[in-house]
Amino acid sequence: LVADTTTADLSLAFAHLSPATTYRVRVRGIVLSPAQQSDWVETLFTTECDVALPNFNQSFETTNLLSLPVCWDSESQSSLADYTKNWAVSAEAGNKSLSLNTSEAYGSAVVLSPMIAVQDDNILSYRYRNLTHDATLKVEIRGAATRQFSQVILEGGHSGWQQTSFDLQAFAGDTIQLRFSVVSRSTAEGNIIAIDFADPAK
């Protein structure tokens with residue numbers, strides 16, 4: 001129980017809440033004279049994520065399969081009527097990675113990182129593999145000041161894991177967000193695109 005209070009105001013501020021946490025709130029109206037009260041009305045809300053500190057390192061090993069890490073968000077859209085899968089964590093070659101099966105995501109598939117604070121010596125570093133030539137992985141970055149995504153990397157098809165790094169010096173002192181997107185034009189089975197972060201911002 002975080003708070004149990006009575007107020008005559010139409011709004012109430014809660015303090016000392018944890019980031020990226022869902023809370024349940026129950027509200028009812030009370031009339032003092034004559035004494036009466038309404039039924040309880042319940043709602044849920046989730047607090048925003050904190051900005052990740054510099055040298056942020058995203059590991060997928062503690063994330064449940066077929067889900068996303070806390071503070072990552074999917075914006076995928078598909079033209080398939082039976083589409084059920086976005087970006088999610090899966091087991092690739094014995095390690096967990098963020099992956100997408102393009103045969104189940106015909107159309108646009110987008111995943112957003114949490115906001116990350118950047119300092120002078122930070123780099124974006126990850127490895128990936130793209131087992132399809134019908135879809136390209138696009139990596140974009142936006143800073144808190146501009147709020148506009150800019151493409152920084154475009155990855156084609158590779159049968160094996162490829163290491164990629166990008167210097168974040170231009171964003172030093174800023175807070176950034178990463179966007180990984182794929183536009184798939186194939187429903188062929190087994191076209192897996194996977195991302196495994198060594199150090200997303202090192």
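Trainee: Is Trp 72 buried or exposed?
Mentor: Go by relative accessible area: under 20% is buried, over 50% is exposed, and partly exposed lies in between (1.4 Å probe, protein chains only). Trp 72 has 7% relative accessibility, so it counts as buried. Phe 60 is buried too, at 1%.

Trainee: What kind of model is this?
Mentor: The model is predicted: local features need pLDDT of at least 70, side-chain atom pairs count only at pLDDT 80 or more, and totals for chains, interfaces and linings use all residues. Residues are numbered from 1 along each chain as its sequence is written, and side-chain values use heavy atoms, with hydrogens and water left out.

Trainee: How many aromatic pairs does the structure hold?
Mentor: Rings of Phe, Tyr and Trp (its six-membered ring) pair if their centres lie within 6.5 Å; planes under 30 degrees apart are stacked, over 60 edge-to-face, the rest tilted. Here there are 4 aromatic pairs. One of them joins Tyr 23 and Phe 45: centres 5.7 Å apart, planes at 25°, so it is stacked. Tyr 23 lies in strand S1 and Phe 45 in strand S4, so the pair ties together parts 22 residues apart in sequence. Strands here are DSSP runs of E, at least two residues, numbered from the N terminus. Tyr 23 is buried at 15%, whereas Phe 45 is partly exposed at 29%.

Trainee: How do the rings of Phe 60 and Trp 72 pair?
Mentor: Their centres are 6.3 Å apart and their planes stand at 65°, so the pair is edge-to-face. Phe 60 and Trp 72 each lie in the loop between S4 and S5, and the pair ties together parts 12 residues apart in sequence. Elsewhere, Tyr 126, Tyr 128 and Phe 180 form one aromatic cluster.

Trainee: Which charged end sits over the ring of Trp 40?
Mentor: The test needs NZ of Lys or CZ of Arg within 6 Å of the ring centre and within 35 degrees of the ring normal. Arg 26 is the residue, 4.4 Å from the centre of the Trp 40 ring.

Trainee: Which residues form a disulfide?
Mentor: Look for cysteine sulfur atoms within 2.5 Å. The whole structure has 1 disulfide. Cys 49 and Cys 71 form it, with sulfur atoms 2.0 Å apart. The S-S torsion is about -100°, so the disulfide is left-handed. Each cysteine lies in the loop between strand S4 (41–46) and strand S5 (73–74), and the pair ties together parts 22 residues apart in sequence. Cys 49 is partly exposed at 35%, and Cys 71 is partly exposed at 25%.

Trainee: What is the phi of Cys 71?
Mentor: Near 80°, a positive value in a residue other than glycine. Ala 20 also has a positive phi, about 50°. Ala 20 lies in the segment before strand S1 (22–27) and is partly exposed, at 31%.

Technical notes:
Helix = DSSP H or I, 4+ residues; strand = E, 2+ residues; numbered from the N terminus.
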